[in-house]
Structure formats: C-alpha cells, structure tokens
Amino acid sequence: MQMDLVKLRLVGRLRKLLRWRRDRLRALTAWLEPMSNDFDRAPLERAALAARIDATARHPDTVGEVAVYSTYCGTLRNLTLDRKNRARDYPHYFVSNNRSVLKMARALGWKPIFLDLPLSGNPIESAHQAKVAKALPHLFPDLRQHRFLLYTDDKKSVKYDKYPAIVERLRDSGAAMALQESSHIKDNVLWEFTDSLHQPRYMQQAHQMLNYTLEQLEAGKSLQARHLFNTAFIARDMTHPRVNAMNETWYDDILSCGIDCQLAFDFLAQGWGGDVLALPPAPRKKYLGQKIEANAPPGSVGL
C-alpha cells in the first residue's frame with residue numbers, strides 16, 4: 001500500500017515536470033516566432049494589391065513558353081528556400097517582400113520580383129502574403145508573359161525531369177491547372193482539415209477554417225470529394241479563358257479560409273469540373289502515413 005502511494009506521488013511529479021517543460025518550450029517558440037491570427041488584412045485584399053504590384057515587367061526580355069516560379073515572404077528566421085534549386089531549363093522567377101531573400105534567390109539563378117508588402121515576423125501573416133503570388137500569378141507582368149507557368153513550393157526540390165511531360169499533359173487536357181493528388185488522404189475534405197491542425201499556425205486559424213468549411217457546405221459544396229490536392233506544385237495554362245477567374249476565386253477563399261490553401265482548393269475544385277487536371281500523387285512519405293494512421297478512427301488506417 002505504501003509503495004503504491006509512493007509510485008502515485010512520483011507519477012504526479014513526473015507529469016508536473018513534463019507540463020513545465022512543455023510550457024517552457026511553447027513560451028520559447030512563441031518568443032522566437034510570435035504567431036498571431038490578428039493582423040491587418042487590408043493590404044492583402046485583391047482590390048488593394050493592384051497598387052502594390054508593379055504593372056511594369058522587371059524582366060521584359062525574358063522569353064519562353066514555360067517558366068518556373070516560387071515565393072517566400074517573411075523574415076530570414078523562417079526562410080525555407082532550398083539552395084539546391086538552381087535555375088535551369090526554363091526561366092525561373094522568385095517573388096518576395098524580403099530583399100535579402102531575393103538576393104539569395106538571384107544567386108541561384110532566379111529572377112527576383114519584389115512584392116511591396118510589409119515585412120512581418122508573424123509566420124501567419126507572412127504565409128498569407130506568400131499566397132499572393134501562389135494564387136494570383138496573373139497579376140505579375142513577368143509571370144503572365146509565359147503560357148505555361150509552373151509554381152513550386154520554395155522548400156521543395158524542383159522536379160526538372162518531370163516538367164516537360166506535365167506541360168504536355170496539361171496542353172492535351174485543355175484544363176486550366178494541373179496539380180498532384182494528395183499522397184496520404186482521400187475521399188473527404190475533413191481529412192485535410194484535421195491533418196492541418198497538427199501545425200500550430202493552422203491551429204491558430206482553426207475556427208476560421210471551420211467557419212469557412214460550414215459556409216462552403218451551406219453554398220452546396222460537399223465534404224465528399226473525388227480528388228484531394230497537394231498545392232505544393234501547380235501547373236497553369238495562362239492562356240486558358242478561366243484560369244484568372246479560378247485564381248481569384250481561390251485567393252478570395254484563402255482570405256476567408258486561412259493559410260491552409262489546400263482546404264480552400266479542395267472546395268474550389270468541386271466547382272470547376274474539367275478545368276483542374278489531377279496528376280498522380282507523389283510517393284507517400286512515411287511520416288505522413290504515421291501521422292494520419294495515429295489519428296485515424298479504427299478501421300480507417302488503410303487510407
């Protein structure tokens with residue numbers, strides 16, 4: 001009996017120590033990366049962006065049917081630019097509101113495009129700023145001069161060898177965009193919603209995401225989806241008659257939904273039929289499978 005009481009006391013102390021360590025780590029993270037969903041969104045409204053995006057091409061002599069671009073906004077503390085992504089095969093553009101980042105991208109062969117938005121150390125605000133170029137490339141004179149525009153996440157490796165075939169598939173399909181399907185979730189948009197909450201910056205916007213999801217359902221969209229997409233790579237046919245409208249609808253949805261732009265795109269794709277070409281998913285990463293399986297209800301581990 002006495003030994004059991006000693007064990008119980010030790011367990012209580014251990015739990016208290018673990019909670020203390022958790023709280024200290026959270027406090028340190030909050031100090032290093034002050035994260036808040038409370039920031040000025042007025043400069044990010046589409047109507048306000050026209051005055052902030054220069055109508056003059058910075059690289060008017062760059063030619064080519066196909067171009068690659070990427071973007072990053074924010075301070076150097078959170079920079080994710082993959083230094084292996086050196087420009088080759090196609091013109092490469094990099095959009096940022098951080099001039100130091102643009103210098104680094106230029107050193108890798110990317111053509112810099114400055115985005116006139118305030119530099120912020122708030123990762124959520126910076127992530128919203130990065131959605132401008134990701135979702136609205138047609139606003140940038142340099143980007144819209146190419147027929148096929150290939151967006152790639154700045155922290156992902158550029159798949160040069162796969163791009164020619166993707167461009168031809170997009171050309172042959174007549175679609176406006178081509179994206180890979182998700183490699184680890186399918187069938188229901190709620191998988192995207194719940195999966196994103198593993199990241200603190202998405203958790204900060206959980207209620208915003210929920211309200212957006214409810215609005216989409218009230219507007220006639222469905223949780224059941226034939227395709228769930230990964231937006232880390234997007235191929236666009238910039239001459240497609242509906243691509244600009246799709247870009248703008250998606251961007252407006254991101255402002256409403258929050259920075260989980262994949263959640264917004266999964267609903268967007270339901271309303272544009274054959275305008276979105278679904279590409280085969282990338283190989284499933286082991287850690288993603290573990291994360292999903294650990295949180296899946298019994299009987300759904302095989303997703």
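## Helix H4

H4 is a mostly covered helix, with 13 of its 13 residues buried. H4 spans residues 123-135. From first C-alpha to last, H4 reaches 18 Å, close to the 18 Å expected at 1.5 Å a residue. The model described here is predicted.

## The protein as a whole

The protein has twelve helices and seven strands. Of its 303 residues, 48% count as buried. The protein exposes about 15700 Å². Carbon and sulfur atoms supply 54% of that area.

## H4 against H10

H4 packs with H10 at an angle of about 170°. The two axes are 10 Å apart. H4 is therefore roughly antiparallel to H10, since angles over 145 degrees count as such.

On the H4 side, the contact residues are His128, Lys131, Val132, Lys134 and Ala135. They meet Asn247, Trp250, Tyr251, Ile254 and Leu255 in H10. By class, this contact of H4 with H10 holds six nonpolar, two polar and two charged residues. In an α-helix there are 3.6 residues a turn, so residues three or four places apart point the same way.

## H9 against H10

H10 covers residues 243-257, and H9 covers residues 206-218. These two helices pack at an angle of about 130°. Their axes are 8 Å apart. H9 and H10 are therefore oblique to each other.

H9 brings Gln208, Met209, Tyr212, Glu215 and Gln216 to the contact. H10 brings Asp253, Leu255, Ser256 and Cys257. The residues of this contact divide into four nonpolar, three polar and two charged. Leu255 of H10 takes part here, and Leu255 is also listed in the contact with H4.

Phe140 is found in the loop between H4 and helix H5 (141-144). Its relative accessible area is 2%. Phe140 therefore counts as buried, the limit being under 20%.

What does Phe140 touch, leaving aside its neighbours within four places in sequence? The contacts are Ile53, Val95, Ile113, Leu115, Val132 and Ala133. Val132 is also one of the H4 residues that meet H10. Val95 lies 45 residues from Phe140 in sequence. In space, Val95 and Phe140 are 9.6 Å apart, C-alpha to C-alpha.

## Two positive phi angles

Most residues other than glycine have a negative phi. Asp89 has a phi near 70°, a positive value. The place of Asp89 is in the loop between strand E1 (66-71) and strand E2 (92-96). Is Asp89 buried or exposed? Asp89 is exposed, with a relative accessible area of 57%.

Asp187 has a positive phi of about 80°, although Asp187 is not a glycine. Asp187 sits in the loop between strand E5 (177-181) and helix H7 (189-196). The relative accessibility of Asp187 is 39%, so Asp187 counts as partly exposed.

Definitions and conventions. Residues numbered from 1 in each chain as written. Predicted model: local features only at pLDDT ≥ 70, side-chain atom pairs only at ≥ 80, totals over all residues. Heavy atoms only, no water. Helix = DSSP H or I, 4+ residues; strand = E, 2+ residues; numbered from the N terminus. Expected span 1.5 Å × (residues − 1). Buried < 20%, exposed > 50% of the residue type's maximum accessible area, 1.4 Å probe, protein only. Axes fitted to C-alpha atoms, helices over the stretch in contact; angles between N-to-C directions. Parallel < 35°, antiparallel > 145°, perpendicular 65-115°, else oblique. Contact = heavy atoms within 4.5 Å. Nonpolar A, V, L, I, M, F, W, Y, C, P; charged D, E, K, R; others polar. Areas by Shrake-Rupley, 256 points an atom, 1.4 Å probe, with all protein chains shown as cover.
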